[in-house]
Amino acid sequence: MKQLMTGNEAIALGAWEAGVNVVAAYPGTPSTEITENAAKYDELYAEWAPNEKVALEVAIGAAITGGRAMACMKHVGVNVAMDPLLTVAFSGIEGGLVLITADDPGMHSSQNEQDNRRLGRFAKIPVLEPADSAECRDFVKAAFVISETFDTPVMLRLTTRVAHSQSLVEKGERVLRELPPYQKNPQKYVMVPANAKPRHTVAEERLLKLKAYSDETELNRVEKNSAAIGVICSGIVYPYVKDALPDASVLKIGLSNPLPEQKIRDFAASVKTLYVIEELDDVMEEQIRAMGIKTHGKDIFSLEGEIFPETIREKLCDEKTAPAYRYGKELVVRPPVLCAGCPHRGTFYVLKQAKVNVLGDIGCYTLGALPPLGAIDTTICMGAGIGMALGMEKVRGKDFAKQTVAVIGDSTFIHSGITGLIDAVYNNGCTTTIILDNHITAMTGHQQNPLTGFTVKGEPARKLQLETIVKGLGIDRVSVVDPFDLKTFAQILKADLSTEEPSVIIARRPCELLLKGAKGACYINPELCLRCGKCLKIGCPAIEKTGVGKAPIIRSELCVGCGLCQKVCGNDGVITKVGE
Amino acid sequence: MAQSEVKSILIAGVGGQGTVLTARVLSRLLLQKGYDIKVSEIHGMSQRGGSVVTQVRYGDKVHSPIIAPNSADDIIGFELLEGVRALPYLKEGGTIIVNEQKINPMPVVIGKATYPDDLKDFLCHCGAKVKLFDAHLLAMEAGNAKCLNMVMLGAWAKNAGLEFNEEECLNIIANNVPQKFLNVNIDGFKRGYHAF
Ligand SMILES: Cc1ncc(C[n+]2csc(CCOP(=O)(O)OP(=O)(O)O)c2C)c(N)n1
Ligand code: SF4
Ligand code: SF4
């Protein structure tokens, strides 16, 4: 029977059916659930790697030894994995190697919206783009066949709407592959110049063969309809086109690198007006124009954000429907917030009070940038904050460094903070780094990591100690503090900032969502409240302003009784825990 | 059902209210009726208390999982402001079921903006078919504010005109929520089902 599943679940199913041996990944929206679902299959090995580069390297090793392997990551994760990717594209593999990239047009939860089809092209490897969950399952299987037939890594590109949409999929059987004996082949796998040069030739020849394949395969197919309008599209845009332009002829591209040149020429010749509709970059359009074919594309569609069916109807059919019902005035927005009881709130309160410059990073704690906390100066990419603090210090001097901290989550520190910290130690920085140890990779939905003591399958694992790592990197000033112990935290921060050696403060308190148990809500006594408004500065969603000159209230259904507001208030008896 | 007869349900709420589970159960109910289905759920940043929207489309053949403005047959609003925010997606003559509970967004919590006080009034006079009720209260009566999503599902199932009987619904719920919370969820569903 057909089942409803997300694109991500279907990718995991496809990998299982394809007899995949190894799935390695680092979490990142919208790719995370692929690995979480793969981990449910006993027959395959799945892991959370410390970062995407390691994940891809694990997969490369598995594939070179003859296994089938898949590495999964969000779009920006591929930037981290680019180094091994570009060279394994020369060497090739033995068993199939598939890299899943989950792009995020519209930036639902990302810091940028790069188009990774460009990276696939840059690496000279095939790129597949499924349009729904059934295709996710089928394309993964096809990707492994292409990978082994052409001896190449294959990129499978999802976008948020494919990864996170559910549609019907039929579950199949797992096909087991015989593992070939391991054969050493240094000429193919030791990429010194003498070996790499001939492999470059192989890679170029392979692209030509893939181009011919692209013209043959049913992954790229024509749906003949009216000759008035022809659309070339791939991925999620295909169902949008079917929805918006039911009469148009469509060249549905499943294998978008290399493009099927002959099919495109024939298709273009068979229609009156040609459109290339693609989200983000003009990756296909640029190549089609280079073939000398006249087409519309980014002259009417944006290079930014998502395309929707209504965008297509609007642009091509001049159909614009005004909403039947709407509230005339602008509605107040609802941005995401740190949870009630979030340990990060204590840290940002202390930092805000200390009036320091904060070089932030990526995780739940990025929400500390929003009002009322507003305590973060920069967020660029995972791991960036520590190196940036050193860079600022080298321009503005030690006194500036004494008012500046880098703030980084525990998972992010393991991902790519360690090398930044080594730089600060080695190059005589005096950066103070605060590692937010909430015992989990929270932002992406609570994944295990090397510091938690469990694997992706929930099995016990060796648990790394942050203190030991940091000391091992050459940091002598290391302290551990509960971020809700505001006084101690502020004292340590002051002392660490004043020294001219690099220091690390580990702010340790578990993510509130791991604790689950409610500890009894807090209550503000309006008779005793001084109307100072301090408790409103921590941005707890449970505390509400009620009006000018009135005491705030705590919403008992939202409060988890963490007690942070009691400490910030500091006036005896104003905020009490109900039942205490 | 022809392509033009694809039905669309948009579920809007606040991160953490359980809209995704509602969409899951709802789509499995439709699956039992033999429809082709597409569901779009966005998670990530939006889970931390931000606005969330989940879209369900069903019919003989559904291409896009995305609902265009002015085309939803039903909107299920888990919170008053979010229900009103989603309203432009409702097609003429569509039904919007709204929990009248107010959850203040952060700009309101810290006093930088106000929660509009005319939303209920506006909804009642906007011309759409509006079903406004205190689903939070019903969830509390069922024993747990968290079963709000089942209350909303119940209210929708009764109104959907797809002849869902209670038993079908209860079976699907049993398959999709943890055993521990099953009774509360079923109670919540029933309260929603009989709310109108
Ligand atoms: C290169 C890269 N990979 C993955 C992500 C997705 N991502 C954003 S934050 C984050 C993890 C944050 O975990 P942690 O540092 O422990 O902070 P927490 O959310 O727990 O506060 C991940 C995986 C990303 N933005 N960039
Ligand atoms: S999930 Fe955990 S770390 Fe993230 S905001 Fe909530 S409490 Fe904080
Ligand atoms: S105790 Fe105070 S700070 Fe903590 S959740 Fe409750 S209201 Fe928020």
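Q: Which hand does the crossing of α10(A) and α13(A) have?
A: The crossing of α10(A) and α13(A) is right-handed. Bear in mind that this is a predicted model.

Q: OK, and what's the angle between them?
A: About 55°, with the axes of the two helices 8 Å apart. Helix α10 covers residues 237–244 of chain A, and helix α13 covers residues 309–317 of chain A. Because of that angle, α10(A) counts as oblique to α13(A).

Q: Which residues meet there?
A: From α10(A) you have A:Tyr240, A:Val241, A:Asp243 and A:Ala244, and they meet A:Pro309, A:Ile312 and A:Arg313 of α13(A). By class, the contact has 5 nonpolar and 2 charged residues, and no polar ones.

Q: Switching topic: where does ligand 2 lie?
A: Ligand 2 lies between chains A and B.

Q: What does chain B put around ligand 2?
A: B:Arg48. The residues from chain A are A:Leu338, A:Cys339, A:Cys342, A:His344, A:Cys364, A:Asn438, A:Ala442, A:His446, A:Cys511, A:Glu512 and A:Leu513.

Q: And how does that shell divide by class?
A: Into 7 nonpolar, 3 polar and 2 charged residues.

Key: Residues are numbered from 1 along each chain as its sequence is written. Chains are lettered from A and ligands numbered from 1 in the order in which they are written. This is a predicted model: local features need pLDDT of at least 70, side-chain atom pairs count only at pLDDT 80 or more; totals for chains, interfaces and linings use all residues. Side-chain values use heavy atoms; hydrogens and water are left out. Axes are lines fitted to C-alpha atoms, for helices over the stretch in contact, and angles run from 0 to 180 degrees between N-to-C directions. Helices (H or I, at least four residues) and strands (E, at least two) are DSSP runs, numbered from the N terminus. Angles under 35 degrees count as roughly parallel, over 145 as roughly antiparallel, 65 to 115 as roughly perpendicular and the rest as oblique. A crossing is left-handed if the near helix is turned anticlockwise from the far one by less than a right angle, and right-handed if clockwise. Contact means heavy atoms within 4.5 Å. Ala, Val, Leu, Ile, Met, Phe, Trp, Tyr, Cys and Pro count as nonpolar, Asp, Glu, Lys and Arg as charged, and the others, Gly among them, as polar. A residue is near a molecule or strand if one of its heavy atoms lies within 4 Å of it.
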